[in-house]
Amino acid sequence: MMLVFILLVAVAFIVLATSKLKLHPFIALLIAAYGIAISVGMGYMEIASTITKGFGGILAYIGVVIVLGTIIGVILEKSGAAIKMADVILKVVGKKRPVLAMSVIGYIVSVPVFCDSGFVILNALKRSMVRQLKVSGVAMSVALATGLFATHTLVPPTPGPIAAAGNLMVDNLGLVIIFGISISIITMLAGYFWAVRSGKIYTSGEDSLVDLEKDSEVLQKYGELPSAFKSFAPIFIPILLMATASIVKLSFGHMSDSAFYKLFIFLGNPTNALFIGLLFATMLLPKFDEERLSGWIGEGIKNAGEILIITGAGGALGAVLKASGIGTYLGDALQTLSLGIFVPFIIAAALKSAQGSSTTALVVTSTIMYPLLANLGLDSEMGKVLTVMAIGAGAMTVSHANDSFFWVVSRFSQMDVATAYKSYTMATLIQGLVTILIVYILAGILL
């Protein structure tokens with residue numbers, strides 16, 4: 001229980017230090033990481049290596065994507081492409097439902113794309129809609145984040161749910177996809193309703209963005225707006241490439257040695273796909289001069305700097321928590337409880353809260369659960385499918401300071417840490433609880 005106490009103290013420190021003492025999140029996260037490492041008796045020689053490996057590991061995964069996505073975002077904003085995208089989407093969904101539109105966009109994008117990447121490349125679109133429609137920046141940010149989160153943990157071909165289904169020896173992956181899509185729609189709506197509520201209570205830096213709603217002001221600032229294709233291409237071509245790679249990997253895994261397979265996997269790698277998106281973004285540059293090639297791109301790199309170091313510090317904290325054994329202890333303590341479909345949810349939620357990664361929570365919990373399925377009455381095909389859903393529900397409960405996505409959402413949305421906890425973290429709690437409730441009801445009917 002001392003491990004759990006240490007975790008609670010660390011989380012409380014991060015919240016208080018950043019929200020009350022106004023300490024920079026990077027320093028708060030590092031202090032928490034060192035504090036946990038020393039408190040659990042980690043060897044002094046391995047503390048620094050664990051922190052640096054965690055820092056570097058998360059940046060190796062998402063660092064280049066953040067930089068490329070931020071540069072694309074700056075180009076989209078300065079060229080007027082973000083305004084054009086907002087106009088096109090609003091013509092489709094209507095100006096009365098921008099928050100719901102943001103949820104749906106996130107929901108669709110996160111099926112093939114990791115949450116972090118999806119939020120980064122859609123942030124410029126979100127900011128443009130906030131400015132044009134004078135809608136709450138908090139509501140739009142939480143809607144996008146929770147829409148992304150819904151499918152990220154529940155719907156294959158996202159890696160986490162696929163790995164969980166494989167570890168549980170599910171024969172019918174199509175059944176997992178069908179249930180995942182159906183349940184995650186409700187999960188998305190739960191996040192949407194909380195986003196609307198949060199937007200009425202909380203504010204962020206995005207709420208003070210300059211209003212660009214009037215066409216005359218837009219044209220005066222940007223001149224003639226770019227075409228719809230040029231505007232959408234830097235975002236949706238990378239998404240299309242990543243989605244295609246996921247489908248190819250799922251459907252043609254037996255051809256992994258073929259040139260066809262390798263080409264699509266290469267193009268669909270998030271770093272490669274975002275670089276291709278950047279090449280398409282250059283079509284939006286009105287001139288190839290120093291101001292655009294160096295100024296705009298340089299601004300994107302500068303904007304990415306703070307996000308990178310905070311994201312890396314979150315990765316360092318996650319690595320220390322993992323090495324400390326906190327997640328393992330919680331999993332071992334909970335797996336003996338006879339709570340049926342709630343067991344995988346509780347284990348995954350404990351792992352998610354302890355170490356931050358939803359994918360890790362999905363993979364580890366499914367590994368723990370496989371030998372327990374028969375004892376819990378979940379060893380049928382339907383039982384395995386619902387177990388994947390329960391693990392996915394736990395893997396979104398909750399996203400907080402040790403999750404890199406938490407920092408991507410809060411920094412890109414210009415939310416302080418206290419606001420991010422009250423709006424976004426609470427939204428992930430509600431999403432997780434609503435999802436496991438739906439799974440519990442389905443288990444009562446189908447098992």
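Trainee: At what angle do helix H8 (residues 159-167) and H17 pack, and how far apart are their axes?

Mentor: H8 and H17 pack at about 5°, with axes 8 Å apart. Helices here are DSSP runs of H or I, at least four residues, numbered from the N terminus. Axes are lines fitted to C-alpha atoms over the stretch in contact, and angles run from 0 to 180 degrees between N-to-C directions.

Trainee: Why is H8 called roughly parallel to H17?

Mentor: Angles under 35 degrees count as roughly parallel, over 145 as roughly antiparallel, 65 to 115 as roughly perpendicular and the rest as oblique. The angle is about 5°, so H8 is roughly parallel to H17.

Trainee: What is the model, and how are residues numbered?

Mentor: This is a predicted model: local features need pLDDT of at least 70, side-chain atom pairs count only at pLDDT 80 or more, and totals for chains, interfaces and linings use all residues. Residues are numbered from 1 along each chain as its sequence is written, and side-chain values use heavy atoms, with hydrogens and water left out.

Trainee: Which residues make the contact of H8 with H17?

Mentor: Gly160, Pro161, Ala163, Ala164 and Asn167 in H8 meet Thr359, Leu362, Val363, Ser366 and Thr367 in H17. Contact means heavy atoms within 4.5 Å. The residues split into 5 nonpolar, 5 polar and no charged. Ala, Val, Leu, Ile, Met, Phe, Trp, Tyr, Cys and Pro count as nonpolar, Asp, Glu, Lys and Arg as charged, and the others, Gly among them, as polar.

Trainee: How do helix H16 (residues 342-355) and helix H17 (residues 358-369) cross?

Mentor: Their axes come within 9 Å and cross at roughly 140°. That makes H16 oblique to H17. The crossing is right-handed; that is the name when the near helix is turned clockwise from the far one by less than a right angle, and left-handed if anticlockwise. The H16 side of the contact includes Val343, Ile347 and Leu351, and the H17 side includes Ala361, Val364 and Ile368. By class, this contact has 9 nonpolar, 4 polar and 1 charged residues.

Trainee: What makes the pair of phenylalanine 119 and phenylalanine 405 edge-to-face or stacked?

Mentor: Rings of Phe, Tyr and Trp (its six-membered ring) pair if their centres lie within 6.5 Å; planes under 30 degrees apart count as stacked, over 60 as edge-to-face and the rest as tilted. The rule gives 12 aromatic pairs. Phenylalanine 119 and phenylalanine 405 sit 6.2 Å centre to centre with 80° between the planes, which means edge-to-face. Phenylalanine 119 is in helix H6 (residues 115-133) and phenylalanine 405 in helix H19 (residues 404-412), so the pair ties together parts 286 residues apart in sequence.

Trainee: How do you know whether phenylalanine 119 is buried or exposed?

Mentor: Its relative accessible area is 0%, so phenylalanine 119 is buried. Buried means under 20%, exposed over 50%, partly exposed in between, with a 1.4 Å probe and protein chains only. Phenylalanine 405, at 2%, is buried.

Trainee: And histidine 254, buried or exposed?

Mentor: Exposed, at 67%. Histidine 254 is in the loop between helix H11 (228-251) and helix H12 (259-268).

Trainee: What does glutamine 431 touch?

Mentor: Not counting residues up to four places away in sequence, its contacts include Thr146, Phe149, Thr187 and Met396. Glutamine 431 lies in helix H20 (residues 417-446). With a relative accessible area of 0%, glutamine 431 is buried.

Methods:
Helix = DSSP H or I, 4+ residues; strand = E, 2+ residues; numbered from the N terminus.
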